[in-house]
Amino acid sequence: MSLITQVLTALGWIVVLLAISPMVWLILQPYFKGLSCAERRAADLLRDTLTPEQLRQLVWRGYLEVPSPTEPQRVYRVPRTKGYIQVIENGRAVMRLCVQPVESLPDADVVVLHKLMIEANEENYLQKANKYVCID
């Protein structure tokens, strides 16, 4: 095997490892970080609820984009940890939403909660949210 072939093979493996490492980290993270049983269950539920692409987006970008079921140009940007949900319309942030559970939940459960609420009943979700208009 020539040196160039060996280098290209090594680079190929590096690209593959970088592509799958966030998924591996998300799967193993709850067990390495000493998380509580509830946090581990929440991480398992999150992995079971999201598609592989959604998991990658959550790990790499720090947020999950949930498309609006009623408005094709609207996307909800749900952060991985506590924070405001951004409402993006036509590529621009138009509003921030504050919707929190009454009781304390693991961050992974909160992400699932937002995703399912938006997909199940967007109108009700928006009625419950505290809204803050984004001004440019």
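Visitor: What makes strand S3 and strand S4 a pair?

Guide: In this predicted model, strand S3 (residues 85-89) and strand S4 (residues 92-98) share five bridges in the antiparallel sense. Two strands pair if DSSP finds at least two bridges between them, so the term applies. Strands are DSSP runs (E, at least two residues), numbered from the N terminus. Glu89 stands opposite Arg92 in S4.

Guide: Residues are numbered from 1 along each chain as its sequence is written. Local features need pLDDT of at least 70, side-chain atom pairs count only at pLDDT 80 or more, totals for chains, interfaces and linings use all residues, and side-chain values use heavy atoms, with hydrogens and water left out.

Visitor: Why is the pair of Tyr76 and Tyr125 called edge-to-face?

Guide: Rings of Phe, Tyr and Trp (its six-membered ring) pair if their centres lie within 6.5 Å; planes under 30 degrees apart count as stacked, over 60 as edge-to-face and the rest as tilted. The centres of Tyr76 and Tyr125 are 6.0 Å apart and the planes stand at 85 degrees, so the pair is edge-to-face.

Visitor: How do you know that the charged end of Arg96 sits over the ring of Tyr84?

Guide: The criterion is that NZ of Lys or CZ of Arg is within 6 Å of the ring centre and within 35 degrees of the ring normal. The charged end of Arg96 sits over the Tyr84 ring, 4.2 Å from its centre.

Terms used. Helices (H or I, at least four residues) and strands (E, at least two) are DSSP runs, numbered from the N terminus.
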